[in-house]
Structures are given as structure tokens and as C-alpha cells.
There are 2 protein chains.
Amino acid sequence: MVLVRPQLAENIGKAARAMLNFGLAELRLVSPRDGWPNPAAGPAASGADTVLAGARVFASVGEAVADCAHVFATTVRKRGVTKAVVTPERAATLIRGEPGQSAILFGPERSGLETDDVALARTILTVPINPAFGSLNLAQAVILVAYEWSKGEALAQPPAVDLDPPAPQEELDGMIAQLDAMLVTGGFYHPPDRISTTRRTLRTLLTKPGWSSQEVRTMRGVLAALDGAKRSRA
Amino acid sequence: MVLVRPQLAENIGKAARAMLNFGLAELRLVSPRDGWPNPAAGPAASGADTVLAGARVFASVGEAVADCAHVFATTVRKRGVTKAVVTPERAATLIRGEPGQSAILFGPERSGLETDDVALARTILTVPINPAFGSLNLAQAVILVAYEWSKGEALAQPPAVDLDPPAPQEELDGMIAQLDAMLVTGGFYHPPDRISTTRRTLRTLLTKPGWSSQEVRTMRGVLAALDGAKRSRA
């Protein structure tokens, strides 16, 4: 991630935080307006101090990307430059799919990248935003690109879900039979010619949840309590 | 987007800006700490004033999502709650693929959603972040979810099949309240110090199916029959 002439150190800190959230640590700065290092960056980084400490400063964009094989320029507006324009998603795929190091350029907060900066890039990276309200700030642009990049990383795997599997069918059947007996007693099934349809409706409804064995046991406890209440009053 | 007990109005403004960047405009607030409307939100919204002006305030999460068929709870930590966990990408697919309105809950800046808030949701939404440095702020979480949602906007597909959507949350609440009253009468809740945990377990279990309005009505009929049987014998 290459921040080109960033104005506020606070935004450098926010960008560092956004990067580290998604496992990126290599930050390069081109002529930060207020100098570097800058104490205002630390608090905004919320603990991403290693990224700030490792940040390297360059005098020009050319020097900052000298060792990179792929350079992306993040811009919102079209620049009249004829280059491929990709989304963050597509950029992440390109970065992963090709050998060599990639650099992503982000312009100054107020003005964005200059045409000369963009000229150094092979590809334009544009975040597709609401055409009626385009107002991404620097850290937001960084986080969206970092987020897309991280999807290909190990950390981006969906968190393990220790959801219990649905109970075996016989346990479900036991619960349905218990309810059915209570409903027969309670006179729920009428008129008689609708019994089989109603039973099927209830089975569909109770099969839909995919309740686990534990959940089926809980429901049977609920039914027993309702039945017990009835009997104790009978 | 539902911000639950947000602390700083500035963060409400930032969330509004993040939303509008990706074409989302409906913001709901649950008990914002510093009241609403709040002049501190405006500057942070950077022009997303229509979102702020249209924000609706609710006293509880339940009221805020009463008309929603799908409720997602955004959390980072695991909660010991057995619900499906999805990424923002997967959530966006689910939101687009199924009929009915969706709500996405975001917790307070410092503490995140409470267990009782999470209990109202069918699905947990987790942004996969660097396990060694997890530090997403409120607006960042909002922008990532909004960004993923916006990807499907241009190529919005027709809703899948003709499955009835889950009943609005208030209908589900009505059914749960009916059962709860019967269980209180039946002495189901004991010992007393376990009541809130048991209630939460039941809510999770009854939220899981995603029953349609028709199915919820059927279940209420079942409950009424069980209750009627009890009363006629009392």
C-alpha cells in the first residue's frame, strides 16, 4: 500500500489499522505533508504500531514502486488515461494470480492522484460507488482493497461454525408423535377428513428448522411441561 | 442497517456516509446514547444528510426489526450461540436471494452486541479479520457490509423460487410470547435463576426455522389447541 502525499498523519494511522485488520503490513509513504514519523499517526492506528514502525518514506512515486512488478492507481474519477480499470475484487485476483510484487497507489485526501502518478500504473483501481454520492475517504479506500485482498488468505476463511447437525429422523419423529398425541387429546384435528393434510403440514413445519438432538430434547421438554400443566389441572 | 446503542454521534454520521457510498439509505437507531437528532453526526456524514434525516429511532432492538424477515447480528467474538455464521459476502447473497426485508445489527462501539441482541437474529455476520489484530470500528464494519451488498445491485437477480419469506419479527415475537405465557403457567421455568437463559434458548430455537407468516399462524393454532385442551380440563 503506497500513500501518495498523504496530508493528515491521522489518516496514515487509520490506513495502517485498516491494513493490519486484513493482514497487510507493508506501508510506503511518498512525501507525507507533515513529515514522518509523526506522533499524530499512533493513536489513529489503534495498535497497528508495527505497520507504522515499518513504513518506508520515499521522495517520489517512482522510487516507491521501483521494485514492484504491478502498479495499481486508485482513482474515482476517470482521468482520460487509457488503461484497464478494475474493481478491488478483480485487483485482488490479479495480485494473487501473477508473480511479482504489487503496489497500490492511493492519492492525497483532498485531490487524489495526479495524472503523472496515474501514468506510472498499468491498471486503474476504482471502487464502484454510488454515482450520486461518491465520498470515500482514504482509510475507507484502503480497507476495501485490503479486505478484498484478504479473501484469498488463510485468515479469510469463514469462521468455523460448530453448529450441531439436525437430529436423526427418529428423534424428530419421536417429538412429532408426542405433539400429535397431545393434539389428538386436545381435539386439534377437525374436521376428520383434513387430518392427514394437517398432519403433513405440521410435519413440514417441524422438519424445516433442522433442529439438533439437543434442540429436539428441549422441545420435548416444552411439550412435556405443557402436557403436565394440563394434566395437573385435569 | 440498525445501529444498536451507538455511543458517538460522529460514528452514526460516518456509518451514514459509508451506507450512502454504496447506495443504502435506510438507517435505524436503537437508543443512541447521546440522543437523536444530534448535531455531531452531520459533519461526519460528509453530505449523507438524507440518510441522517431519514433515520428512525427505536427504544429496543425488537421494535427496530419488527417488520424484518431476516435479522443478521454483526459480531466478531463467538458467543456460544449456535446460529449460522456468514461472511459479508455470503450475507449479501442471502439478502438478495430471499424475499422479505433484512436488518443488519451493529453493536455499540466499545462492547458490541449483547447476547440478548444476538438472540433476535437468525444469522451471525462476521467479517473475517486478522486473528492477531482484530480492530474494526463501527463505520468500517458498516462499509464492508454495504460494499458487499452493492456488488449485486447492478445485476440484481430475481428472488429465488416462490418460498414464502420468514414472518416479520413481530409475528414471531407474538408466537413466542404466547408459548412463553403457557410455559410460565405450566411451571416450565425453573430454577428461577435460569429463566433468562432458558428463554434465550427457546428464542434461538424458534428463530432458527424461519417460519413464514402462515407457518407462524399454524403454530399459534397448535398452541391455542394445547392451551384450550388444558383449560377445558382445568
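What volume does the largest cavity have? I looked this up in a predicted model, and I noted a volume of about 140 Å³ for the largest cavity.

**Entry 1: the cavities**

I searched the whole structure and recorded 3 cavities of 30 Å³ or more. I then asked which residues line the largest cavity and lie nearest its centre. The lining consists of 15 residues. Nearest the centre I found A:Leu206, A:Met219 and A:Leu223 from chain A, together with B:Met219 and B:Leu223 from chain B.

Next I looked up the helices behind this lining. In chain A, α8 (169-185) and α10 (213-233) each supply at least two of the lining residues.

**Entry 2: A:Gln101**

I turned to a residue in a loop. A:Gln101 sits between α5 (88-97) and β6 (102-106) of chain A.

I then listed its contacts, leaving out residues up to four places away in sequence. A:Gln101 touches A:Glu26 and A:Arg28, and also A:Asp67, A:Cys68, A:Ala69 and A:His70. With A:Asp67 there is a polar contact of 3.5 Å between the side chains. I also noted the separation from A:His70: A:Gln101 is 31 residues away in sequence, while the C-alpha to C-alpha distance is 6.5 Å.

Note on methods: Residues are numbered from 1 along each chain as its sequence is written. Chains are lettered from A and ligands numbered from 1 in the order in which they are written. This is a predicted model: local features need pLDDT of at least 70, side-chain atom pairs count only at pLDDT 80 or more; totals for chains, interfaces and linings use all residues. Side-chain values use heavy atoms; hydrogens and water are left out. On a 1 Å grid over the protein atoms alone, a cavity is a set of points where a 1.4 Å probe fits but cannot get out, and a pocket is an open set with protein on both sides within 12 Å along at least five of seven lines; lining residues have an atom within 4 Å of a point. Grid points are joined across faces, edges and corners, and a volume is the space filled by probe spheres set on the points. Helices (H or I, at least four residues) and strands (E, at least two) are DSSP runs, numbered from the N terminus. Contact means heavy atoms within 4.5 Å. A polar contact is a pair of N or O atoms within 3.5 Å; within protein, one must be able to donate a hydrogen and the other to accept it, and residues adjacent in sequence count only if both atoms are side-chain atoms.
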